[in-house]
Amino acid sequence: PNVRYFVLGQTHPDLVAREGESYRDSLVARARELGVEENVVFVNEYTTLEKLCTYLAAADLYVTPYRSKDQIVSGTLSYAVGFGLPVITTPFVYAEELVEKGGGLLFPFDDSARLAQLVNRLLDDHAFRTRLSASAHALGKTMRWPVIGRRLTALFDAALPKEARTTVADLVEN
């Protein structure tokens, strides 16, 4: 009874154009039907980065239940790992990479029973949640822009030739 699951953000505009809000409406109806409407909070508005960070800072865990492997990336998943949140996600390519590096747990597409098991484990096992959070936090630190910038600088430095190169000015003068 003390758990809140937030469905944060607007429905994708392409989906709204094709189907309206029928999917979101069906989720709201399903929550009501199951008697969990007080536990499932739908925040149907554009979410700024500041507001997203506010929600993530208040969260105990993060779930990305994408419905297919076609999902390529998830910016919010990256932010959740950056915040050190233990994540539970379906196995799209980017999520598999994060989980492989210690950022969370995977559950199969359309397997709500497995999702429930993982959520319950994280909620019930404080030590496990703390270990997974620490792992996500360590991974998240490697994903921050200053770290990425240093890596890119080192990569570019390594790729540049060490000896003097002929410049356009050298060619024009000869």
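**Figure 1. The second largest pocket of the predicted model.** The second largest pocket holds about 260 Å³ of space. The structure is a predicted model, in which local features need pLDDT of at least 70 and side-chain atom pairs count only at pLDDT 80 or more, while totals for chains, interfaces and linings use all residues. Residues are numbered from 1 along each chain as its sequence is written, and side-chain values use heavy atoms, with hydrogens and water left out. On a 1 Å grid over the protein atoms alone, a pocket is an open set of points where a 1.4 Å probe fits, with protein on both sides within 12 Å along at least five of seven lines. Grid points are joined across faces, edges and corners, and the volume is the space filled by probe spheres set on the points.

**Figure 2. The lining of the second largest pocket.** The lining is formed by S78, Y79, G82, F83, G140, M143, R144, W145 and I148; a lining residue has an atom within 4 Å of a grid point. Two or more of these residues come from each of helix 4 (75–82) and helix 8 (145–159). Helices (DSSP runs of H or I, at least four residues) and strands (runs of E, at least two) are numbered from the N terminus. Helix 4 makes the greatest contribution, with 3 residues. By class, the lining has 5 nonpolar, 3 polar and 1 charged residues. Ala, Val, Leu, Ile, Met, Phe, Trp, Tyr, Cys and Pro count as nonpolar, Asp, Glu, Lys and Arg as charged, and the others, Gly among them, as polar.

Figure 3. Y79 belongs to helix 4. Its relative accessible area is 37%, so Y79 is partly exposed; buried means under 20% relative accessible area, exposed over 50%, and partly exposed in between (1.4 Å probe, protein chains only). Y79 and G140 are 61 residues apart along the chain, and their C-alpha atoms are separated by 8.0 Å.

**Figure 4. The aromatic pair of F6 and Y55.** The whole structure contains 2 aromatic pairs. Rings of Phe, Tyr and Trp (its six-membered ring) pair if their centres lie within 6.5 Å; planes under 30 degrees apart count as stacked, over 60 as edge-to-face and the rest as tilted. The ring centres of F6 and Y55 are 5.5 Å apart and the planes stand at 65 degrees, so this pair is edge-to-face. The pair links distant parts of the chain, with F6 in strand 1 (residues 5–8) and Y55 in helix 3 (residues 49–58), 49 residues apart. F6 counts as partly exposed at 40% relative accessibility, and Y55 counts as partly exposed at 26%.

**Figure 5. The aromatic pair of Y66 and F92.** The ring centres of Y66 and F92 are 5.1 Å apart, with planes at 85 degrees, so the pair is edge-to-face. Distant parts of the chain are again linked: Y66 is in the loop between strand 3 (62–64) and helix 4, and F92 is in the loop between strand 4 (87–89) and helix 5 (93–100), 26 residues apart. Y66 is partly exposed at 27% relative accessibility, whereas F92 is buried, with a relative accessible area of 0%.

**Figure 6. A charge over a ring, R121 and F128.** The charged end of R121 lies over the ring of F128, 3.6 Å from the ring centre. A charge sits over a ring if NZ of Lys or CZ of Arg is within 6 Å of the ring centre and within 35 degrees of the ring normal.

**Figure 7. Helix 2 and the residue that follows.** The 13 residues of helix 2 (residues 22–34) should span 18 Å at 1.5 Å a residue, and the end C-alpha atoms are 18 Å apart, which agrees. The expected span is 1.5 Å times one less than the number of residues. After helix 2 comes G35, whose phi is positive, near 75 degrees.

**Figure 8. D110 in a loop.** D110 is in the loop between strand 5 (104–106) and helix 6 (112–124). Although D110 is not a glycine, its phi is positive, at about 60 degrees. D110 is exposed, with a relative accessible area of 63%.
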